[in-house]
Amino acid sequence: VISRLRGHFGELSVHSLGSFTVDKCFDASSASLRETIVSELVPVQKDLLKTKQGPYLLRKLDVEG
């Protein structure tokens, strides 16, 4: 399931239920897939900061790091 979401993590993360899904996918992923997830969140960082769950997700996944 996680690999089928590849390419859609950015758009999922800006929705409340989607950010929960991205968070759980990140927890269950290998290191290479975690890098992919984080790289897909970089372009939507500003949008994520405007959401309720976005700042938490950005910190947890260490998107800036």
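This is a predicted model: local features need pLDDT of at least 70, side-chain atom pairs count only at pLDDT 80 or more; totals for chains, interfaces and linings use all residues.
Visitor: OK, α2. What span should it have?
Guide: Helix α2 runs over residues 16–27, and at 1.5 Å a residue its 12 residues should span 16 Å; the end C-alpha atoms are 17 Å apart, which agrees. The expected span is 1.5 Å times one less than the number of residues. Helices here are DSSP runs of H or I with at least four residues, numbered from the N terminus.

Visitor: Which residues of α2 are buried?
Guide: G18, S19, V22, D23, C25 and F26. They cover an arc of only 165° around the axis, which puts them on the same side of α2. Buried means under 20% relative accessible area, exposed is over 50%, and partly exposed is in between (1.4 Å probe, protein chains only). The arc is taken from the directions from the helix axis to the C-beta atoms.

Visitor: And what's on the face turned away?
Guide: The exposed residues S16, L17 and F20.

Visitor: What covers the buried residues of α2?
Guide: The cover includes α1 (9–13), α3 (31–41) and α5 (54–60). Contact means heavy atoms within 4.5 Å.

Visitor: Switching to the largest nonpolar core. Which residues touch the most other members?
Guide: Out of 16 residues, those are F9, V22, C25, I37, L41, L61 and V63. At least two core residues come from each of α2, α3 and α5, and α3 gives the largest share, four residues. A nonpolar core is a set of buried Ala, Val, Leu, Ile, Met, Phe, Trp, Tyr and Cys residues joined through side-chain atoms within 4.5 Å.

Visitor: What is V63 in contact with?
Guide: Setting aside neighbours within four places in sequence, V63 contacts V38, L41, V42, Q45 and L58.

Visitor: How many salt bridges are there?
Guide: The count is two, taking a salt bridge as a side-chain nitrogen of Lys or Arg within 4 Å of a carboxyl oxygen of Asp or Glu. One joins D23 and K60 (2.6 Å, N to O). D23 lies in helix α2 and K60 in helix α5, so this pair ties together parts 37 residues apart in sequence.

Visitor: And the K60 and D27 pair, where does it sit?
Guide: K60 and D27 meet at 3.1 Å, N to O. That pair links K60 in helix α5 to D27 in helix α2, 33 residues apart. Shared partners join D23, D27 and K60 into one network.

Visitor: Is D23 buried or exposed?
Guide: D23 counts as buried, at 7% relative accessibility. K60 is partly exposed at 32%, and D27 is partly exposed at 36%.

Visitor: Last one: where is S29?
Guide: S29 is in the loop between α2 and α3, and at 11% relative accessibility it counts as buried. Leaving out neighbours within four places in sequence, S29 contacts I2, R34 and I37.

Methods. Residues are numbered from 1 along each chain as its sequence is written. Side-chain values use heavy atoms; hydrogens and water are left out.
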